[in-house]
Amino acid sequence: MYKFPEGLFCDVRTERTRSSLASYLKGELRDLRERDTAGAFVRVYDGRRWYYSSVTDLAAVQGEIDRLARLATPDPKIAENRTVRNLPSGKTEPCLVKGRDLRSIPLAEKNAFLTSFFPLVAAEPAVTMWSCFYSDNFTRKEICNSKGGSLVLERQLCGARFNLTFSEGGKTLQEGANRAANEFADLAGFGADLKSCLAKSLDFLRNSKRVEPGKYTVVLSPLAAGVFAHESFGHKSEADFMLGDEGMLKEWALGKKLGPEFLHITDDGARPGSGFTPYDDEGSPARRTALIKDGRLAGRLHSARTAAELGEEPTGNARSIGFEFEPIVRMTTTHFEPGNMTKEELFAGVKDGLFIDTIKHGSGMSTFTIAPSLAYFIKDGKLAGPAQISVISGSVFDTFGQIDAVSDKVELLSFVGGGCGKMEQHPLPVGFGGPYVRVRGMSVL
Amino acid sequence: MITEKYTIIDDEVSVKIAGSAMESLRAKRIKRTGLRVYDNGLIGVSGWMGEEGEGEALKRAKAALAHKVPYPCEPGKALKREEKEGKALFTAEELDAEAAAVLAALKKDFPQFVFSSAGIKSGTRTVTLSSDAGLDLRSSVSSYSFGLMYKLGTSASILDGWFGADGPDYDRAAFLANASEMLAAHLKPAELPAGVKLPVFFEDSDELVRMIFGRELSGMNYGSGGSLFSGKAGQKLFSEGLTLVNGRRRHRQPFFDAEGTAGEGFAYIEGGVLKAPFCDKKTAGRFGFAPSGSAHAEYDGAPATGPSCAEIKPGPKTFREMLGGQPAVYVSIAGGGDFTSEGAFGTPVQLAFLVKDGKLAGKLPELQLSSHVYDMYGRDFLGVSSDVMTPLSRSRWLGFLMNVRK
């Protein structure tokens, strides 16, 4: 047990991780390994400033607590500090992995799973380059603090990804298949994902036509809608961006009308998948936070500190990418909720538009962007051939008002090999997805 | 059997500013070590973090040879070299004090803005690669970055702009002068100059406009025929002014890559002629290329082709000479753009400034840019300036003629 200094808040997050990797390039083994790491992140807070240290020597933690305490200014009333009051106290029931522990699965079995898909890829001559990997990690975190708070949390995620380069007749295309899950058994559908990816990519390679830049009605797939929700709105709901910023707080005041009444966006750390965060890295439990409800701003994502500053409740969104970094406000699984019509009705309402199926990347500031990979023309409500698009973009402030349809089923997606970036912390696993979303008047390049 | 040790030590202090207030001070020292064993064309790797673990890692690395990961290349040997780059400019206390002083000055002169940190760090990365075959390479790169994001207090955006310094030296007055020029320009709306095709400038380190080379010149992609440039080595595809080389120092990387190849200056494109892709030893051997010093490896992983660390060689003209008295667009923030698989380029620009007489003259409205790789780096390539953008910057001005619309 640690000896915590008087007059200061202090917590220690210890992380022990076992990860596995099998990696191939064009069918040739590049890496096959298991890795064990351990480290700790120490925080000391004096009510004004935070002092952090990250170490790989777990025996050095007490020394780091003492060192950081010497930098801080003790406050006898630290327990009354609003941020400190928001941090957990008391022992929390351990939150352990309940299914098959990924550490118990032999590396050979994971490798065999990955290589079972090789014949499918190797049989397609247009695939001129490909790489793939299986990766997983199992992390056990122990968080304890000077309020007597303690928590043991386990989390695991596994997944496979194929990156494919297609070349034919002087044309090239890069596309991929990617699936992740908390249970190894839940990767079983990956073969179907890969087959679908191959078929759609070949069609795109052979038949795609360049889109004339302009304004279009755009239908976003669950993947694209998820990225749209994440980039265009999710980051603006992270409350650390609002501290000391009256303009932001005024513009993003709760209750403000943003879109139609059937528009709802939620962040939920309890959802299984790559965003699964039942407790955050301060030890606060996940909440299902309605960010937009009935078209109006309804909530924000918080750490203990941002909740204290804004007079709201912590939401369990203080996350870090690992023991080298402090927790900051991040999303977990962010998605549109089901909407006002079926997918078929949604497409039927488009006379001349575009469907964004898969994407390369997205970003969001005042203008959000999505770089589509596989996209299609829509003519009279039907898909009418693949379309090459550099980027779609729109004003964050205007685009929600241009959403005129959301389909009635939600599809959540999980990935390995990437994630969300914020400041220096990248990649953080998050969950995406949603229903199909139709937006009028989007700018297309 | 050859045994190789690869060690990476990161010593870093950082300061965080949020909402125009000092928020935190962080220190970390992380040591990662990997052991690689090479035997009969195979490689086995394992590693550990911290100080203890070499004995067990060696056993695991030898056992990993059973996985039969091929490495049909010659490991580095009989080479000794050490380089130290840069100097550690700040201790934790000095960085904290400097950030506080800069923040106080900015808050006084520009109270209408809210400031937060975009990376205020100082530290040293030490990388060593040694082996029982006589390889002994040691690199120590010390650097700092002093980046601040800003937004108007009345703005609903997360950020409106940023400025920073990461040059070999630091000077508060020069930093504040650069910040003042940008913040003053931000407050002054400007009109886009007339014309569809305009001179547009980026930082030469901006990945957005160079990402096509990172994608299409990757050795495996190029050698397999999947690249836009496959089979075109020796052809003059671009402007004579375009020379693209391995610039590891510019990227503050060790002078050697993860296989011990020193690739500084390796030419990918020279005088507009495509010369070679970038690759590690294994990819090079497979296709008959030369290793470019672009191998990357995790501390406990096998080497593979990593980033190109590409740098466009500066031209003979200063920025002012490139402008020739004409106004131009400087793109400060453009996120989300991309090249299509056929080379077409498009991007929204979230923050751009009008440049007149080499100075930021005002903030332009949000823009859309479009072009094509063969135009941008061909007839519309303006080059890279001979001078750096600011006295504290490593970046130079990279210019193109591009289609610009509001």
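Analyst: A polar contact is a pair of N or O atoms within 3.5 Å; within protein, one must be able to donate a hydrogen and the other to accept it, and residues adjacent in sequence count only if both atoms are side-chain atoms. We're looking at a predicted model, in which local features need pLDDT of at least 70, side-chain atom pairs count only at pLDDT 80 or more, and totals for chains, interfaces and linings use all residues. Residues are numbered from 1 along each chain as its sequence is written, chains are lettered from A and ligands numbered from 1 in the order in which they are written, and side-chain values use heavy atoms, leaving out hydrogens and water.

User: What makes the link between B:D338 and B:R215 a polar contact?

Analyst: Their side chains are joined at 3.5 Å, and the rule asks for within 3.5 Å, so the pair qualifies.

User: Which residues does B:D338 touch, leaving aside its neighbours within four places in sequence?

Analyst: Contacts (heavy atoms within 4.5 Å) reach into both chains, including A:K360, A:H361, A:A371 and A:S390, along with B:L208, B:M211, B:F345 and B:G346.

User: How do you know that β23 and β24 of chain A pair?

Analyst: There are 2 bridges between β23 (420–422) and β24 (425–428), in the antiparallel sense, and pairing takes at least two by DSSP, so they count as a pair. A:C420 has A:L428 as its bridge partner. The two strands form a hairpin with 2 residues between them, and A:M423 in the turn has a positive phi of about 55 degrees.

User: Which element gives the largest share of the largest cavity's lining?

Analyst: That's β2 of chain A, with 4 residues. This cavity has a volume of about 70 Å³, and its lining includes A:R30, A:D31, B:I43 and B:D300. In all, the structure holds 6 cavities of 30 Å³ or more.

Note on methods: On a 1 Å grid over the protein atoms alone, a cavity is a set of points where a 1.4 Å probe fits but cannot get out, and a pocket is an open set with protein on both sides within 12 Å along at least five of seven lines; lining residues have an atom within 4 Å of a point. Grid points are joined across faces, edges and corners, and a volume is the space filled by probe spheres set on the points.
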